[in-house]
Amino acid sequence: MSQAVEIAFDCLPLRSVGRLDIPFDASPKYRAHCERVLRALESYGSHNSYYLYNGHCTFRLMNHAELGMIELRFNGVTLTDDSDQNTVGCHLEADLARETCPWLTEPIVAWFKETVTHSVRAEFDRYIAAGDLKQTVERIAKIQADSDHQGGFVGMGL
């Protein structure tokens, strides 16, 4: 058994999105991901906005290994203040992925979908404090600088 709430996600700073076109040969799954990122850019812009994807949030309601677990998958956008130090908004789509609660009803699922947003908002502040966001932004800035220095080509010695 682990924590009462486990949260994991991949984070894409929207300011790092350089291309707005979707590759013509993109798989349907990747195309759908790109379309969600583009909608996030249209809705929230690129300044202090982060697209979270491949996210899951697991709630453990009991001290039992086989009962009382609710897992939701999510994706969406978090917004930070001007200093990128605090989360000021979180707009997620969450869906029930699995559960081990025979007593679970639809109103409870709806409540947990909303709770995911509050939980991820708190977790994103921890993510910022841990320095992961800063390292990601620095890595992207280095890649962009390398690309600019090489005339827009990086990765294959082009």
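This is a predicted model: local features need pLDDT of at least 70, side-chain atom pairs count only at pLDDT 80 or more; totals for chains, interfaces and linings use all residues.
Me: In what order do the strands of the open sheet stand, and in which sense do they pair?

Reply: The open sheet has four strands in the order S1-S2-S3-S4, and the pairing is antiparallel. S1 and S4 are the edge strands, each with a single partner, so one side of each has no neighbour in the sheet. On average, neighbouring strands are turned by 20° against each other, direction ignored.

Me: How many bridges join S2 to S3, and how many are found between S1 and S2?

Reply: There are 10 bridges between S2 and S3, which run antiparallel. Strand S1, residues 5-13, pairs with S2 over eight bridges, likewise in the antiparallel sense.

Me: Which strands does helix H1 touch, and across which strands does H2 lie?

Reply: Helix H1, residues 28-44, packs on the sheet and touches S1, S2, S3 and S4. The direction of H1 makes about 110° with that of S2. Helix H2 lies across S1, S2, S3 and S4 and runs at about 130° to S4.

Me: How is an aromatic pair to be read, and how many are there?

Reply: Two rings pair if their centres lie within 6.5 Å, and the angle between the planes then gives the class: under 30 degrees is stacked, over 60 is edge-to-face, and the rest is tilted. By this rule the model has seven aromatic pairs. One of them joins phenylalanine 59 and phenylalanine 112, with 4.8 Å centre to centre and 55° between the planes, a tilted arrangement.

Me: Why does the pair of phenylalanine 59 and phenylalanine 112 tie together separate parts of the sequence?

Reply: Phenylalanine 59 belongs to strand S2 (residues 49-60) and phenylalanine 112 to helix H2 (residues 106-129), so the pair links parts that are 53 residues apart in sequence. Phenylalanine 59 is buried, with a relative accessible area of 5%. Phenylalanine 112 is buried as well, at 7%.

Me: Where does asparagine 54 lie, and what is its phi?

Reply: Asparagine 54 is in strand S2, and its phi is near 55°, a positive value in a residue other than glycine. Asparagine 54 is exposed, with a relative accessible area of 54%.

Me: Is aspartate 84 buried or exposed, and where is it found?

Reply: Aspartate 84 is found in the loop between strand S3 (69-80) and strand S4 (87-99). Its relative accessibility is 14%, and the cut-off for a buried residue is under 20%, so aspartate 84 counts as buried. Aspartate 84 has a positive phi of about 60°, although it is not a glycine.

Definitions and conventions:
Residues are numbered from 1 along each chain as its sequence is written. Side-chain values use heavy atoms; hydrogens and water are left out. Rings of Phe, Tyr and Trp (its six-membered ring) pair if their centres lie within 6.5 Å; planes under 30 degrees apart count as stacked, over 60 as edge-to-face and the rest as tilted. Helices (H or I, at least four residues) and strands (E, at least two) are DSSP runs, numbered from the N terminus. Buried means under 20% relative accessible area, exposed over 50%, partly exposed in between (1.4 Å probe, protein chains only). Two strands pair if DSSP finds at least two bridges between them. Axes are lines fitted to C-alpha atoms, for helices over the stretch in contact, and angles run from 0 to 180 degrees between N-to-C directions. Contact means heavy atoms within 4.5 Å.
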